[in-house]
Amino acid sequence: MSAAASALSRSRKRNVIPGFGLTLGFTLTYFSLIILIPLLALAIRSAGLGFDGFWKAATDPRVLGSLRVSFVTALIAAGVNVVFGTLIAWVLVRYRFPGRRIFDAIIDLPFALPTAVAGIALTAIYAPNGTIGALFAPFGIRIAYTPIGIVIAMIFIGLPFVVRTIQPILEEVSHEVEEASATLGATRFQTITRVILPSLTPAILTGFALAFARGVGEYGSIIFIAGNIPFVSEIAPLLIYIRLQEFNYVGATVIASVMLLISFALLFAINLIQAWSRRRYGYGD
Amino acid sequence: MATKLRARRHRRVSPTSESRLAQWTLIGLSLLFMGVILVLPLYAVFHEALAKGIGTFFAAFAEPDAQAAIRLTLLVAAIAVPLNVIFGLAASWAIAKFEFKGKAFLITLIDLPFSVSPVISGLVYVLLFGAGSFLGPFLKSYGIEVLFALPGIVLATIFVTFPFVARELIPLMQDQGTGDEEAALSLGANGWQTFFRVTLPNIKWGLLYGVLLCNARAMGEFGAVAVVSGKIRGQTTTMPLQVEMLYNEYNATAAFALASLLALLALVTLVLKSALEWRFGDEVAAAER
């Protein structure tokens with residue numbers, strides 16, 4: 001009796017929608033051909049070097065220099081973006097002002113504008129004779145062709161990641177919590193720093209990690225403005241490109257593997273933050 | 001009425017809001033930052049493109065190499081985008097309509113290309129098809145060139161635009177559930193009829209949204225394509241690569257002219273995207289970006 005009932009309920013639960021095998025099969029095949037096998041090719045090439053060979057290539061001074069430039073500039077840019085991205089998300093969600101929707105739409109410009117276009121435009125602006133470059137040139141400050149230029153380009157491409165991660169969370173923060181805080185005698189400043197900002201922390205961290213990861217990997221918008229001087233303003237993706245032009249596939253593979261390992265670790269960290277914030281606050285994607 | 005209005009004007013700032021002065025300071029600061037970081041570069045593209053007059057601007061498009069680059073860019077997008085649309089539809093159907101082990105992992109994997117540097121996305125195909133690989137010489141013996149040719153450019157473009165359609169459709173279809181499809185099937189529709197007449201109309205705005213973003217990235221991709229293209233003038237240079245070549249040859253006006261066409265594409269993409277968000281908010285809202 002009970003066996004029959006459970007068999008019945010199992011058959012009733014069976015999905016009536018067709019196409020599972022076809023769609024999942026296509027998805028996995030396509031993913032394997034386009035993404036998995038090429039990435040495995042990279043992994044196999046790196047593994048073929050053995051630990052000593054890999055270590056020797058990875059600790060080449062110019063490689064370490066380019067990784068340092070990439071990571072330090074990306075860290076600074078992501079920091080700037082967290083501050084201004086949070087501010088912009090706040091202003092767009094909480095305040096009403098003319099042109100708000102247009103500015104809201106423009107946040108996504110770095111997603112839509114090809115990186116090479118952004119690169120030459122930023123260079124034109126921040127070169128010593130450009131609109132903004134000319135303002136700093138008299139003080140002996142050069143922006144384009146220095147690491148500052150790299151940071152500017154990374155701020156440009158990273159900004160939407162921070163704003164778009166914080167915005168939906170900020171929209172969900174309930175006014176009642178703020179009212180409660182105010183009734184209990186908190187000043188507005190205290191309410192913002194002790195009540196609202198903590199609930200935004202997971203989103204801010206996620207936005208930071210996304211902007212950082214994007215900055216580290218970015219190529220197109222940076223190479224025009226960077227100056228590309230080894231040890232000073234040469235980013236890791238550019239060094240990969242240079243190694244390939246020299247047909248030094250081993251050198252390129254090693255830099256790429258190091259970068260991939262770090263960005264996968266970041267991806268993992270982002271997932272942890274989101275899982276943690278879902279547990280803690282009940283939202284967070 | 002008048003006293004009520006006056007009373008409201010004189011009321012203290014609400015305890016859950018900031019003073020007008022603070023509000024306008026924050027708004028001003030935000031707009032200044034966005035103006036400098038986002039709007040100014042956009043303006044600079046068009047300003048530089050038209051700096052030497054409208055004649056020079058249009059002359060840049062008369063160049064055969066520029067026209068070849070535009071044609072190649074359109075061709076690459078015309079191949080890469082539909083393939084990623086088919087993938088996006090298949091993946092979201094499997095993920096949203098069925099339960100299976102490892103689903104969450106699969107969703108994470110689909111986003112993987114976003115965390116790979118574009119240069120690395122190109123590099124992996126160089127390793128797979130280049131000299132010293134197994135596949136490259138094998139295909140070459142059959143007369144098929146992958147690297148420094150159209151197939152390589154298309155593959156690299158598919159790699160970097162891989163997640164766009166799928167990540168738009170998966171949350172949308174998960175939100176919509178399976179009720180509509182089950183109704184259609186119980187009324188005697190077959191699988192394809194159900195997909196084309198029920199599912200597709202339900203997701204069409206979300207799909208369009210994904211296609212827009214996918215297309216913008218496909219036409220604008222630089223790093224990945226730069227690695228696999230070989231940059232053969234007039235043959236394997238897409239528009240962004242042509243922009244770079246012109247710029248490095250100190251032909252800034254022509255570079256910016258071609259760049260302005262790409263900037264225009266970005267603007268059209270943004271306008272359509274915003275229009276979709278405003279008009280069909282719910283139908284594209286399941287996606288967050």
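Lys97(B) forms a salt bridge with Glu181(B), and their closest N and O atoms are 3.1 Å apart. The pair links distant parts of the chain, 84 residues apart: Lys97(B) is in helix 4 of chain B, and Glu181(B) is in helix 10 (residues 179-186) of chain B. This is a predicted model. Over all chains, the whole structure has 18 salt bridges.

- Side chains of opposite charge can pair when their charged atoms come close.
- Lys97(B) counts as buried because its relative accessible area is 3%, under the 20% cut-off.
- Glu181(B) is buried too, at 2% relative accessibility.
- Asp65(B) forms a salt bridge with Arg233(B), with the closest N and O atoms 3.4 Å apart.
- Asp65(B) lies in helix 4 of chain B and Arg233(B) in the loop between helix 12 (223-229) and helix 13 (239-248), so the pair ties together parts that are 168 residues apart in sequence.
- Asp65(B) is partly exposed, at 24% relative accessibility.
- Arg233(B) is also partly exposed, at 34%.
- Arg167(B) forms a salt bridge with Asp111(B), and here the closest N and O atoms are 3.0 Å apart.
- This pair links distant parts of the chain, 56 residues apart: Arg167(B) sits in helix 9 (residues 163-176) of chain B, and Asp111(B) in the loop between helix 5 (103-110) and helix 6 (118-129) of chain B.
- Arg167(B) is partly exposed, with 25% relative accessibility.
- Asp111(B) is partly exposed as well, with 22%.

**Where chain B meets chain A**

- The contact takes 88 residues from chain B and 87 residues from chain A.
- Phe33(B), Leu38(B) and Leu127(B) supply 8% of the area that chain B buries against chain A, more than any other three residues.
- There are 2 salt bridges between chain B and chain A.
- One salt bridge joins Asp108(A) to Lys273(B), with the closest N and O atoms 2.3 Å apart.
- Asp108(A) and Lys273(B) belong to a network of salt bridges that also includes Asp104(A), Arg164(A) and Glu277(B).
- Between chain B and chain A, 10 residue pairs are in polar contact.
- Helix 2 (residues 20-49) of chain B gives the largest share of the side of chain B that touches chain A, 19 residues.
- By class, that side of chain B has 62 nonpolar, 16 polar and 10 charged residues.

**The nonpolar core**

- The largest nonpolar core has 189 residues.
- Among the members that touch the most others are Ile34(A), Phe156(A), Ile110(B) and Ile120(B).
- Beyond its sequence neighbours up to four places away, Ile34(A) touches Tyr125(B), Leu155(B), Ile158(B), Phe159(B) and Phe162(B).

- Asn84(B) is placed in helix 4 (residues 64-97) of chain B.
- Asn84(B) is buried, at 0% relative accessible area.
- Leaving aside neighbours within four places in sequence, the contacts of Asn84(B) include Tyr30(A), Thr161(B) and Cys214(B).
- Asn81(A) is placed in helix 4 (residues 61-94) of chain A.
- Asn81(A) is buried as well, at 0% relative accessibility.
- Leaving aside neighbours within four places in sequence, the contacts of Asn81(A) include Met154(A), Gly158(A) and Phe33(B).
- Phe33(B) is also one of the three residues that together supply 8% of the area chain B buries against chain A.

How values were computed
Residues numbered from 1 in each chain as written. Chains lettered and ligands numbered in written order. Predicted model: local features only at pLDDT ≥ 70, side-chain atom pairs only at ≥ 80, totals over all residues. Heavy atoms only, no water. Contact = heavy atoms within 4.5 Å. Buried area = accessible area lost by both parts, 1.4 Å probe. Salt bridge = Lys/Arg side-chain N within 4 Å of Asp/Glu carboxyl O. Polar contact = N/O pair within 3.5 Å; in protein donor to acceptor, adjacent residues only side chain to side chain. Helix = DSSP H or I, 4+ residues; strand = E, 2+ residues; numbered from the N terminus. Nonpolar A, V, L, I, M, F, W, Y, C, P; charged D, E, K, R; others polar. Core = buried A, V, L, I, M, F, W, Y, C linked by side-chain atoms within 4.5 Å. Buried < 20%, exposed > 50% of the residue type's maximum accessible area, 1.4 Å probe, protein only.
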